[in-house]
Structures are given as structure tokens and as C-alpha cells.
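Open the model in your viewer and follow along. Each stop gives you something to select and says what is there.

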Amino acid sequence: MTSGPENIEQPTEQSTGSESTPSHPLVTALQREHPEWIGEVIHAFGETTIIVPREHIVAACSFLKTWPEGQFNFLSDICGADRGVEEEPRFEVNYHLFSTTKYHRVRLKVLLNEEDTHVPSVSGVWRTANWHERETFDMFGVIFDGHPDLRRILLPDDWQGHALRKDFPLRGYEPYSLK
Amino acid sequence: MGLENIIAEALPEVLTTQLDSLINWARKSSLWPATFGLACCAIEMMNATTSRNDLARFGAEVFRASPRQADVMIVSGRVSRKMAPVLRRIYDQMPEPKWVISMGACATSGGVFDNYAIVQGVDKIVPVDVYIPGCPPRPEMLIHAVMMLQDKVSKESVRDRKDIPEEEAREAVVPGTLPVTDGSTARQNTLPESRPYTIASRHERRRSS
Amino acid sequence: MSSATIPPQFEIVDRPLDTQMTISMGPQHPSTHGVLRLELVLDGEMVVKATPDIGYLHTGMEKLFEYKKYQQGIVITDRMDYLNPLGNNLAYVMAGEKLLGLEIPVRAQTIRVMMCELQRIASHLVWLGTHALDIGAMTVFFYCFREREKILNMIEAASGGRLTPSYFRIGGLMMDLPAGFENRCKQFLDNFPGAVDEFHKLLTGNRIFQRRTQGIGQISAEDAIDWGLSGPCLRGSGVNLDIRRANPYCGYENYDFEVPVETDGDVWARYMVRMREMRESHKIATQALSRLQPGPVKADAPKVVLPDREAMKSHMDALIHHFLIVAEGFDVPAGEVYHPIEASKGELGVYMKSDGGPKPSRVHFRGPSFVNLSALPVMSEGEMVADIVAIIGSLDVVLGEIDR
């Protein structure tokens, strides 16, 4: 097995359901403190994913940042994903957290429906979330409430549509012309 | 620019031939590129200027940052849709005579990236003189392209390039109007007649270099 | 006067010297290391606010990954951070291997470490050359590229491409090292410390260089972590974090190297960190070279890894596997992984999500330059315009990785 990032006891176990067998001590401790934040826990491929309901994401992030068990002071990445045009919920936003003191990682996931793609912004918790959220907005159309400056970052400012959605064609809608 | 045109119009043909060869020699021996390095090909362009493959031997010594001081624009790298108007604006700012080398597969035709974000070929925006394939092309290929451009420059005549208005200058290739074939030429059984890689020019003297 | 009219949104101010001036630096600029545009609000020579405007090299790579099979995607990763293509390859390939649960043979891992460290040296050489060039030292540019040519020769001998090698595959390497590679590598590694000493002689004691870099673009450790900086930018501010030590991969825990850390947090500190990192990479590459043992370079997974050419030409099942892998691709189990590596610029993370088919459902690259650049406004407030160039150089941004 290629060396995984952290010392999880069962690296390839897939366990879902809200009363999962949390074999990771972090999840156990978090479940004791704030069980309403944990929608679902997935342990797979040596990583822990916690599905957090949308309204609790800011509270969960700021808690995890200062909690002595967690100390997740480094936000590696915010990444959106489109599950598919017919999926319900359609979009997901992944927050990859890292601790520079304890060297462990966790992924928080927020699931969004197609009609209501609003998520509270975590740029107050880690300032690096600013640009990551702008990119997720640009690519998927997920709107981050409370973001100081939510506008397009990679695509041109007058671009129509959101490029990484599954229903956006690969070649775009029209070839480029100067006019 | 202006003085040469005045002289050219006043003199008979045989003297303009001598004038042509002098002016073309001067132009091709000091082609100053404008820095337009976009992506990976820009690194190979930088490699072409360093000591192992020395582009300065061919006159392309200084890469001018200002397009107003440059002769040739080497478009090296993929041109995204956000960058395309910028590219056109830089090209427009270059004074005549100017040439464009499209370096790499992405500048020539979109390259690996056939998608919404990349302009499929910089010749949709500016008229191109020399295309270089490769991803990225080796620095020697860039030097070869500069040599081909020098061949092309030496075939020009002073009477051709005048201070013409912008719209007429763009008549060479109107952007976006390259003909799209239906593939019928690929199905023809006749071989195209073989051509040398450059068209011989009566002004050219091949020196061993 | 000119016949051009000033557009209505720009108002003419009667006392222009009293107001602040907003200028646009880039996207075509000799010192922005690519197509980066900065909107600088200046008060005279002092920068009040610097806002990066990116997207001029956006290539839609993440969308392209969803339309290509896993092995085809490796080629696209080369073009992302084009100074460190082997690092991009490694991150992508290791994420795929994590999803598949493959075990990589030891020789492949050793070669991966060696090539990645050589690539790190090559990337730092470009950084040093262009950074020094922007600050004004032209000689260093040519010296660095001379050394880089030797590394590119070796990478080209191994993989066929100087700048876009695509040398790694999911399951191992593309093919084994060619004959004579080890001697060339040893020759280069023996001469390299002398070259680093040469760079130090040219720059480190140079008073002009010191004045241009010390005290410029400072960022504290707390700010650096909050803004997500990683790699030499973070280590220049005093935070001892290296993914090769924190979350080891590819056998890095078995190598003996130091992690250079400086505390000042300015351009000079980042310069010193990268110079010391070149020496450490040289150490790791030497150790990896000495540990090379003969062995397989591809994992034992016939449905994922292409068979040897000889086996393909003589055995029917190898031929069928080859055909299926190339034509249809291999199915990767459903799931998602996030695999970070320590690229030359910082933490390069790949988020790969699979639906169970031959093409990924989502691939996202957390580019270190993307996050490092977002801290530019913090670093450049209150600096002079001429120092912006030094700060951008010290961040070591590559627009291909930022814009993807």
C-alpha cells in the first residue's frame, strides 16, 4: 500500500450512515461534542470525510480550527464538484483541512441542491478561502454568502455560464472571434 | 519606412532591387522579438536565448518589452480567450514591418486543448508568418523558425510594404475566416508536388552557417 | 491633439498629483513571470493596494480531465506547472494509485524520488535565474540555465521530453532508465554543489542584491498559515512544514535531509530557503541514486499497467490487456481522494473523484502558486513599485498552475 497520509486503523473500510462505526478518534471526539454537525462519516482510502449540513459549516470550521484535538489551522483547498445533472443533491463543496501542528487531514463536505446553491462563506475563518471560494463560484455557480468580493476569477468577467458544470459543453458554445 | 518608399517609387527597378537586398538584409539580421511568452513554450523560448542555443547569433538579441520597439512577435504558449484581445492589442501596437511566429502547437492550432477556454490557433487573431509545431518545440526549432522568417523577409520588396491604414493591413488574413475544408483533399490520390522547404528567392545567397 | 476621445468613465481631475493613481501592470510584462495582471493603486511610488487579476492563461484543464481516461490525463498535468512537470505527474499518478490501491515497486519509487528532486532543482534554477534577472543580475540567468540544460538532458534521456516528460504512469514509470543514465546523473550531481557555490558567490554577498531583498515583502508566520502559503514561502516565515515530512509519500521518510527554515519572512528569507533547498535536493537525489537496485518499475496489476513490449508481442493475454487498457481504459473504484505532495512551489494537492468508470468525475489541482499569489496584496502593501517585481519573483509563481 502506498503510504497514506495519516494513521487510520482501517484504511479501506467504507462505512456510511449517521451512526457509523467511527474508527477515527477525531470523529469520535467530535461526535461527543457536536453531534448535530455530523451528517455522515466516510472512511475510505485512508481519508476521513465528514458530511456537514450547510448551515453548520462555519461553526464547524471555526471550532475545528481552535479545538485542541483538531487544530486545523490550515485550509488546503476548497473544491467544488458536480455530481451529475440528474443527481440530487447535485453539487458538493469539499473543504480540505490540515493541521500544521498535528499533521492530520480531514475533509468536510457540504451537499447542495441545484435550486439553492448558497453556502455561508468561511473566509472569516481562514483568509485563504477567499480565492478558493471565488474559483468555486466561477466554475460551478455556488454562491458563498458573506464573501467579501465574490466575482469571477479565472474566466473572463463577461462569461456566461459556469464552466465545470456537467451540462456545459467541453468546447463551449461558440468559437472565438474578435468581433 | 517613409524614406524608402519615396526612393522606391522614384527609382527604376534595378536600383530598387539593390535597395531591397540592403533593406532586407538589415531587417532580417536584427529581428527584435517582443516578449510574448505565455506558457511552457516561453520557457523553451528562454532556453533558446541562453548560452546553449544562442538566438542572439541570428540577430534576435534583445527581447523588447515594449511592442513599439519590436519587429517580430513570437506567440509562445496557449492563448486563452481572456488573453486574445490583449494579444491583438499588442500586435496592433507594433509598427510595420512586423511579423508573427506562432510557436508551439497551442499557438498554431489550439494544441492539446480543444476546449472552451483556448483560442484554436492564434491565426484567428493575427496573421502568422511562420508556424512551429511541437509541444513544446525544441529551442533548435525556434532558431530554425527564425531562419525561415529571415528567408521570408529577404524575399520581400520595399514596394510591398507601405504605411497603409490598419484595415488594409488586416486584409492579409481576416481573423476567423480561414477556410475550413471538408476533408476532400485528404481523399485525393494524387501526391502534391514536392516543394523545397523554403521557396528559393533570387535575393538569397546561401551561406554556410 | 489626438482624435481619440477619453471614455466617459474616466474623469479628468484638476490636481492629478494629489490623488492616487491606479495602474495596470501586465498581462504582457517582462517581469510578471507569465500573464499576470496586477492592478496597483499607487500613492506616488508607494503601493497602497495590489490586486492580482488572473485567468489570462485559463486552459480549462480540469474540464479536460473529465473527458480523458486516467492515463491520458497525465499528459495534461505536464502543462500545468510547466517548470515542475514531474511533480504534477507524480501528484496525479499517486492520487490514481491511491484510488486503485496499487503497490509500487521499490525501484519505481526510488526513481520517482530521484527524478522529482532533479526536477525540483531545475525549477529552483529557473526561479533563481528569472528572479535575479528581474532584480538586475543578468549573469545568474545564463549560469542557471546552463545547469538546467544538463538536467533537461537527463530528463529527456529518460522520458523523451525536456519540458513535458509525462514520465510517470499510474502503477509505476513509463519505462526504465536508459543505459548510462546513472553515470550521467552522478556526474551532474558531483558538479552541482560547485554550481550552487557559484550562485552564492554572485548573489548572496552582493550588497545590491541584499538591499533589494532584505526587509521587502514581509509576512508573518500566522498570516502565512492563514493565507494558506506553503512551500518555501511558508518556510521563509519560520513555519517548519514540509509535506515530505508531515505526510510522507513515495518513501521520503527513509531519506536523510533537512528542511531549511528562515524566520524573517521577507524576500531574502525565501531566497535563502530555496538556495538551501537546492542543496538538500541534491542530497536526496544522491542518496536515491546510490540506492538504485535492479527490479521492476511497474506494479503488478495487468489490468492497469501496460505490459512490456516483449510480453505484448509474444503472449496473447498481454496483448489483450494492452489493447483494453489503451482502447477502453481501466475502471477505477468509486470514491474520492486528496493527495498532497511537496512540489517545488509548495503543497500541490490533487483531489480526484471517481464514479467507477474509466474517466474521472472530477479532478482538481490545488496549485500552490494560486494560493501563494493570493497573499501578494498582504506582502506588497507599503512597498515601492520597484519592489513588486522582487516580491513576485520571490513568490515563484507559475501562471500555468494558477490558471489551470
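Select α5(C) and α6(C): the crossing of this pair is left-handed. In this predicted model, α5(C) covers residues 138-159 and α6(C) covers residues 181-204. Their axes lie 11 Å apart, at an angle of about 165°. That angle is over 145 degrees, so α5(C) is roughly antiparallel to α6(C).

Now show side chains. On α5(C), the contact residues include Y143(C), I151(C) and M154(C). On α6(C), F181(C), F188(C) and L202(C) are among them. Color by class: the contact has 13 nonpolar, 1 polar and 4 charged residues.

Move to chain B. Select β1, β2, β3 and β4: these 4 strands form an open sheet in that order, with parallel pairing. Which strands are at the edges? They are β1 (33-34) and β4 (130-132) of chain B, each pairing on one side only. Zoom in on β3(B), residues 99-103, which is joined to β4(B) by 3 bridges. Pick S102(B); its bridge partner in β4(B) is Y131(B).

α6(B), residues 139-154, lies across β2, β3 and β4 of chain B, at about 165° to β4(B).

Last stop: chain C against chain A. Chain C gives 39 residues to the contact and chain A gives 32. On the chain C side, α3 (85-100) and β6 (335-342) are among the elements that each supply at least two residues. That side of chain C divides into 18 nonpolar, 10 polar and 11 charged residues.

Notes: Residues numbered from 1 in each chain as written. Chains lettered and ligands numbered in written order. Predicted model: local features only at pLDDT ≥ 70, side-chain atom pairs only at ≥ 80, totals over all residues. Contact = placed C-beta atoms within 7 Å. Nonpolar A, V, L, I, M, F, W, Y, C, P; charged D, E, K, R; others polar. Pairing = 2+ DSSP bridges. Axes fitted to C-alpha atoms, helices over the stretch in contact; angles between N-to-C directions. Parallel < 35°, antiparallel > 145°, perpendicular 65-115°, else oblique. Left-handed = near helix turned anticlockwise from the far one by under 90°.
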